[in-house]
Amino acid sequence: MSTMKTITNTLTFSSVEPDAGLKAALSKSRADVIAELNASNLKGRGGAGFPTSVKWNLAAAAKSDKKYVVCNADEGEPGTFKDRLILSDYANLVIEGMTIAGYAIGAKTGIIYLRGEYSYLRGPLTAIIAKRRAANLLGADIMGKSGFAFDIILRMGAGAYVCGEETALIESLEGHRGESRNRPPFPVDTGLMGNPTIVNNVETLAWAACILGKGGDWFKSMGTEKSAGRKLFSVSGDCARPGVYEFPLGITIQELLDAIGAEDVKAVQVGGASGHCVPAGQFQRALSFEDIPTGGSMIVFGQHRDMLDVAINFLDFFVEESCGQCTPCREGNEKLLEGALLLEEGRCSMAYLKDLCALGESMQLASKCGLGQSSANAFLSIVKYFKDEILGRTAVAQAG
Ligand SMILES: Cc1cc2nc3c(=O)[nH]c(=O)nc-3n(C[C@H](O)[C@H](O)[C@H](O)COP(=O)(O)O)c2cc1C
Ligand code: SF4
């Protein structure tokens, strides 16, 4: 793992007062904590954008002696590394957010599910948890709040991308193969060991702590109407300053490209391998839930990049990472990769390309979990926007 310092602009996380959010939360009722979060309009930063207060409210309402708060630190999406930075530099804020969540939903146990490849963070995180325990920020009667007990354990993933999907993550925590579950029931109702469980992204939990400290209105005043607040972006590829950046939601792709020193850009892959490839003609579009939603990964492709190679690279990843449970994803990714390789050799007809696109659309509809529902996105958008480039290659190969 590189020890080079990641480039960032100024992150809000560096300016918040430590544990102000937890202190404020413990002075409120559980319902008021969730109301504050609701006022902020915070939506999950893990990709799906589910309203955080709704998730917490459902878990709070569930009747059970045992409930869990899970921090999804599996970050396996190619091109995504913002959570790694947050866990390296702002772990206290994430744990503060988990503790607030524990208070809000009535959970006594939090679990950080850490990506296997981030094992170097295990020691530092364990030390921070121990330090917080010693400071009465975890354990019994936290901050003197009688009867409020919450503690955190750390569990390692083993390098499977699908284990970032919340139900596969829960299966993995239970010691089973990492395979997604049918939903409903949803984890807020029937999660870890059958108990109500909230699974939240690392960044979501850090923002939740900021919101309790600074107020829901503060957060809501940033971003757009349907996409409140600011967001971290993992920026990589053909630009002068790759790194982790914080911007308000609603920023256009072009504004982001200007900030990172990216010129002569052919396309941007928004949302990682499972996201969409956006061509230069659409760079005025906004990064927001109402336009192009994203978990934060932005991969920049300069004019010299071969877009079919990009699609092949992503498909190769999905063939490797499909858990194999359902046919559309298990077989579909193989078939798409086979087709993309034929395209590369110039041996794919128009009719076959159409069939491949139809297959991709079926996978989006018929796959059991988000992996198979999104694994064709990159291929389909690349074929849509770079058809001439791809078919030009076929024509050259056929002429040769
Ligand atoms: C294949 C796959 C991988 C995922 N990986 C992650 C991940 O690494 N981190 C994450 O927070 N969410 C990931 N998600 C989304 C989670 O299922 C879930 O929506 C998220 O953790 C909820 O947190 P949030 O509401 O705070 O965004 C993944 C989803 C899928 C389908
Ligand atoms: S969509 Fe893919 S990863 Fe998800 S259950 Fe089906 S085979 Fe497994």
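Strand β6 (residues 230-237) and strand β7 (residues 243-248) run antiparallel and are joined by six bridges, where two strands count as paired if DSSP finds at least two bridges between them. The elements named here are DSSP runs, with helices taken as H or I of at least four residues and strands as E of at least two, numbered from the N terminus. Within this pair Ser234 stands opposite Val244 in β7, and a hairpin of five residues leads from β6 to β7. Strand β6 is also joined by four bridges to strand β10 (residues 297-302), and these two run parallel; there Ser236 stands opposite Ile299 in β10. Strands of a sheet pair through backbone hydrogen bonds, either parallel or antiparallel.

The model is a predicted one, in which local features need pLDDT of at least 70 and side-chain atom pairs count only at pLDDT 80 or more, while totals for chains, interfaces and linings use all residues. Residues are numbered from 1 along each chain as its sequence is written, and chains are lettered from A and ligands numbered from 1 in the order in which they are written.

A further antiparallel pair is formed by β8 (residues 265-270) and β9 (residues 276-279) over four bridges, with Ala267 opposite Pro279 in β9. In their hairpin, which has five residues between the strands, Gly271 takes a positive phi near 95°. The strand pairs described individually in this report are collected below.

| Pair | Sense | Bridges |
|---|---|---|
| β6 and β7 | antiparallel | six bridges |
| β6 and β10 | parallel | four bridges |
| β8 and β9 | antiparallel | four bridges |
| β2 and β5 | parallel | five bridges |

An open sheet of four strands has the order β4-β3-β2-β5, with parallel pairing. Its edge strands are β4 (151-156) and β5 (197-201), each of which pairs on one side only. Neighbouring strands of this sheet are turned by 20° against each other on average, direction ignored, where axes are lines fitted to C-alpha atoms, for helices over the stretch in contact, and angles run from 0 to 180 degrees between N-to-C directions. Strand β2 (residues 68-73) pairs with β5 in the parallel sense over five bridges, and Asn72 stands opposite Asn201 in β5. Helix α5 (residues 91-105) packs on the sheet and touches β2, β3 (109-114), β4 and β5, its direction making about 150° with that of β2; contact between two residues requires their C-beta atoms, placed from the backbone, to lie within 7 Å.

The chain as a whole has 16 helices and ten strands. Its domain assignment gives domain 1 (14-220), domain 2 (230-302) and domain 3 (307-399), with bounds that come from an automatic or database domain assignment. The centres of domain 1 and domain 2, taken over C-alpha atoms, are separated by 26 Å, and their contact takes 13 residues from domain 1 and 17 residues from domain 2. On the side of domain 1 that touches domain 2, the residues divide into three nonpolar, five polar and five charged; Ala, Val, Leu, Ile, Met, Phe, Trp, Tyr, Cys and Pro count as nonpolar, Asp, Glu, Lys and Arg as charged, and the others, Gly among them, as polar.

Ligand 1 is surrounded by 23 residues, the closest being Gly44, Gly46, Gly164, Asn201 and Gly370, where a residue is near a molecule if its C-beta atom, placed from the backbone, lies within 6 Å of it. The elements that give two or more residues to this shell are β5 and α14 (370-374), and β5 provides the largest share, three residues. The shell around ligand 1 divides into seven nonpolar, ten polar and six charged residues. Because domain 1 (14-220) and domain 3 (307-399) both give residues to this shell, ligand 1 lies between them.

Around ligand 2 there are 14 residues, of which Cys323, Cys326, Cys329, Cys369 and Gly372 come nearest. Helices α12 (327-345) and α14 each supply at least two residues of this shell, which divides into six nonpolar, six polar and two charged residues.

Some backbone details remain. The peptide bond from Arg183 to Pro184 is cis, with omega near -5°, and a cis peptide bond also joins Pro184 and Pro185, with omega about 5°. Pro184 lies in the loop between α7 (166-173) and β5. Asp19, in the loop between β1 (7-8) and α1 (20-26), has a positive phi of about 65° although it is not a glycine.
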